[in-house]
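Thanks for coming. I will talk for a few minutes about charged side chains and who pairs with whom.

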Amino acid sequence: MKVVIVGSGSVGSSIARELLSHGHEILLIDPKPEVIGRSGLRGARWLVGDACEISTLREARLEEADVVVSATGDDKVNLVVSLLAKTEFGVGRTVGRVNNPKNDWMFDDSWGVDVAVNTPRLMTALVEEAVEIGDLVRLLTLQSGVSSLVEFTVPGDAAVIGSTVGSITWPADSTLVAILRDEAPITPSIDDVIDSGDELFFLTTIAAEDELRALLSPRKPARQ
């Protein structure tokens with residue numbers, strides 16, 4: 001997969017390093033030539049230039065990219081790059097970094113953003129995940145604010161404990177995509193049994209989150 005990453009700061013470099021280790025072809029665009037020598041990214045290609053300029057993106061042959069990641073520390077740059085990638089070069093998938101949570105609403109398909117990664121919000125969600133066992137935690141918002149990736153840590157009194165994945169009637173717009181059990185990821189099958197302490201990851205519409213939350217709620221105490 002060919003991935004173009006705009007911005008080679010700590011975020012962009014970390015993404016590039018991970019993707020390189022998985023064998024992907026990486027091109028980084030940055031206006032500062034000095035970052036190349038200190039990046040330590042072996043195997044990556046570089047282009048020095050302003051990614052908000054069409055000429056730079058043409059030189060990068062952006063139309064050949066499978067994914068464009070806008071990972072700079074400037075939300076305006078990330079929005080412009082995403083929009084140009086979509087409208088001028090027809091890139092299939094764009095990922096935009098949100099630096100200021102107040103700008104989150106702009107990172108949608110009207111600006112050419114397929115996936116918005118709000119780092120401060122993600123960090124907040126991960127903190128909440130550590131302390132709010134038994135509550136649905138939104139990790140990421142996807143596709144113009146319609147869909148999300150959410151996590152639910154199953155408490156000891158959850159109604160779904162002991163049920164198989166296939167026997168549960170999940171909300172129509174929610175899909176269980178992974179189970180994390182004893183720190184090992186599991187690809188869910190219909191025969192997997194939900195257990196206390198499981199971390200369940202769902203792709204869901206934001207509108208269906210309340211249904212999902214209700215389904216995963218604790219068992220109601222028996223009447224005396």
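What follows is a short walk through some of the salt bridges. Keep in mind that this is a predicted model.

Some background to begin with. Side chains of opposite charge can pair when their charged atoms come close. In this structure there are seven salt bridges, and I will go through three of them.

Start with R61 and E64. Their side chains form a salt bridge, with 2.7 Å from N to O. R61 has 47% relative accessibility, so it counts as partly exposed. E64, at 39%, is partly exposed too.

Next, K76 and D74. This is also a salt bridge, and here the closest N and O atoms are 3.6 Å apart. K76 has a relative accessible area of 61%, so K76 is exposed. The figure for D74 is 30%, which means D74 is partly exposed.

Then there is K86 with D114, a salt bridge at 2.9 Å, N to O. Where do K86 and D114 sit in the chain? K86 is in helix α4, residues 75–87, and D114 is in the loop between β5 (93–98) and β6 (115–118). They are 28 residues apart, so the pair links distant parts of the chain.

Is D114 buried or exposed? The cut-off for buried is under 20% relative accessible area. D114 has 12% relative accessibility, so it counts as buried.

One last point, on shared partners.

Methods: Residues are numbered from 1 along each chain as its sequence is written. This is a predicted model: local features need pLDDT of at least 70, side-chain atom pairs count only at pLDDT 80 or more; totals for chains, interfaces and linings use all residues. Side-chain values use heavy atoms; hydrogens and water are left out. A salt bridge is a side-chain nitrogen of Lys or Arg within 4 Å of a carboxyl oxygen of Asp or Glu. Buried means under 20% relative accessible area, exposed over 50%, partly exposed in between (1.4 Å probe, protein chains only). Helices (H or I, at least four residues) and strands (E, at least two) are DSSP runs, numbered from the N terminus.
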